[in-house]
Amino acid sequence: MTISPVYILAIESSCDDTAAAVLQNDVVLSNVVANQLIHNEYGGVVPELASRVHQQNIVPVIEASLRKANITKEQLSAIAFTQGPGLMGSLLVGSSFAKSLSMALAIPLIAVNHMHAHILAHFIDEEGFDKPTFPFLALTISGGHTQIVVVHDFFDLQIIGETTDDAVGEAFDKSAKILGLPYPGGPLIDKYAQLGNPKAFVFTKPKVPGLDFSFSGLKTAILYFIQKNVLENPNFIEENRNDICASIQHTIIEILMDKLKMAVKETGINQIAIGGGVSANSGIRSTLKAAEKRYGWRTFIPKFEYTTDNAAMIGIVGYQKYLHEKFENTSVISKARIQF
Ligand code: KG4
Ligand code: ZN
């Protein structure tokens with residue numbers, strides 16, 4: 001007996017990227033992302049503008065994803081969309097479209113938690129990328145979240161540590177803003193850090209009990225450090241940009257690694273998978289790879305295009321939910337905040 005393939009159309013619109021993907025089972029056939037550059041000039045995402053641009057982009061992005069996957073909408077098995085967490089106005093564009101299309105095609109509707117998707121992105125079938133086995137630890141690091149999660153199974157996840165204030169992506173972006181870099185500053189800090197000395201400047205690490213994180217103190221420490229030095233030398237930032245970025249990145253990586261080591265010790269689990277936009281960071285990637293030899297961990301770093309916000313990761317959760325018949329009816333609502 002041949003089992004016919006499952007085709008999932010996935011839609012992601014939780015923040016400022018409009019994304020659509022088509023999966024055939026766990027294989028990505030297309031993964032389209034339209035970035036919204038309009039926010040760069042404002043130094044952060046403007047929710048009102050984001051929802052407006054999602055409305056302009058959603059139809060062309062979905063059409064492009066079907067075209068690239070070379071399938072028709074009549075072949076689709078189900079529609080998966082991001083239910084939350086995210087900006088309400090942005091989420092509503094994706095969910096309304098998903099509901100309408102699932103009704104029109106009379107196929108199941110699947111709601112996906114964005115953070116769940118950052119974790120299950122590791123289960124996309126991709127040549128050269130191993131999948132973790134259960135249980136594993138997931139470190140989700142994005143512009144909105146910083147969590148350590150024990151992943152017991154596809155649908156059995158337990159948060160054991162999270163940020164008490166800013167997310168790690170915010171720590172990167174706000175530090176970049178202090179240095180006068182445009183939004184989002186994370187990738188730029190990464191770029192300059194590769195040319196600098198990570199030990200040039202020392203920033204005090206926060207003392208947070210257990211597996212929780214805090215990044216707001218670091219941001220303030222960086223602000224005072226820059227203000228003080230610019231007062232003495234107005235060209236301080238320009239003359240030391242690479243070293244400042246390398247030192248900030250080094251501190252952030254140490255904060256993450258300290259908690260990861262603690263989590264491994266407490267749980268006895270030494271498979272670590274990272275996800276979320278900040279896992280694109282080259283310093284985090286190389287530190288984790290080095291931890292394989294140093295601590296005997298197995299680490300999993302997703303393919304670059306599945307780290308920042310994308311719809312393929314929504315599609316892989318959609319596929320698992322399809323197999324388990326975890327469907328929604330059209331009264332399902334978007335949620336700015338949502339738990340696993
Ligand atoms: O997961 P994501 O695309 O969106 C959210 O769900 O938040 O993450 C975006 C965050 C931003 O804060 C951005 O600055 C950060 O990921 N980011 C990076 C890098 N690439 C993206 N941070 C540090 N280094 C990078 N290479
Ligand atoms: Zn994200």
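With which side chain does the side chain of Asn31 make a polar contact? The first legend below gives the answer, and further close-up views follow; the model shown in each is predicted.

View 1. Asn31 belongs to strand β3, which comprises residues 27-35. The side chain of Asn31 forms a polar contact with the side chain of Glu305, at a distance of 3.0 Å. A polar atom of the Asn31 side chain also lies 3.3 Å from the backbone nitrogen of Ala312. With a relative accessible area of 18%, Asn31 is under the 20% cut-off and therefore counts as buried.

View 2. The zinc ion, ligand 2, is coordinated by His114 through NE2, by His118 through NE2 and by Asp309 through OD, at 2.1 to 2.2 Å. Along the chain, these donors follow the spacing H-x3-H-x190-D. Because His118 is located in helix α3 and Asp309 in the loop between β10 (298-300) and α9 (312-323), this pair ties together parts of the chain that are 191 residues apart in sequence. His118 is buried, its relative accessible area being 0%. Asp309 is likewise buried, with a relative accessible area of 18%.

**View 3. Polar atoms of the protein beside ligand 1.** A backbone N or O atom of Gly277 is found 2.9 Å from an oxygen atom of ligand 1. A polar backbone atom of Gly169 lies 3.3 Å from an oxygen atom of ligand 1. From His118, a polar side-chain atom is placed 3.3 Å from an oxygen atom of the ligand. On its own, ligand 1 has 560 Å² of accessible area, of which the protein covers 87%.

**View 4. The shell of residues around ligand 1.** Which residues of the shell are closest to ligand 1? They are Gly143, Asp173, Asp190, Gly277 and Asn281, in a surrounding set of 19 residues. By class, the shell consists of five nonpolar, 11 polar and three charged residues. Domain 1 (7-121 + 307-323) and domain 2 (130-301) each supply at least three residues to this shell.

View 5. The peptide bond from Gly84 to Pro85 is cis, with omega near -5°. Pro85 occupies the loop between β4 (78-84) and α2 (88-105). Tyr183 and Pro184 are also joined by a cis peptide bond, for which omega is about -10°. Pro184 is situated in the loop between α4 and α5.

View 6. Asn70, a residue other than glycine, has a positive phi, near 60°. Asn70 lies in the loop between α1 (47-69) and β4. With a relative accessible area of 67%, Asn70 is exposed. At Ala106, also a residue other than glycine, phi is positive and near 55°. Ala106 is part of the loop between α2 and β5 (109-113). Ala106 is exposed too, with a relative accessible area of 69%.

How values were computed: Residues numbered from 1 in each chain as written. Chains lettered and ligands numbered in written order. Predicted model: local features only at pLDDT ≥ 70, side-chain atom pairs only at ≥ 80, totals over all residues. Heavy atoms only, no water. Near = heavy atom within 4 Å. Polar contact = N/O pair within 3.5 Å; in protein donor to acceptor, adjacent residues only side chain to side chain. Areas by Shrake-Rupley, 256 points an atom, 1.4 Å probe, with all protein chains shown as cover. Nonpolar A, V, L, I, M, F, W, Y, C, P; charged D, E, K, R; others polar. Domains from an automatic or database assignment. Donors = N, O, S within 2.8 Å, 3.2 Å for Na, K, Ca; no water. Helix = DSSP H or I, 4+ residues; strand = E, 2+ residues; numbered from the N terminus. Buried < 20%, exposed > 50% of the residue type's maximum accessible area, 1.4 Å probe, protein only.
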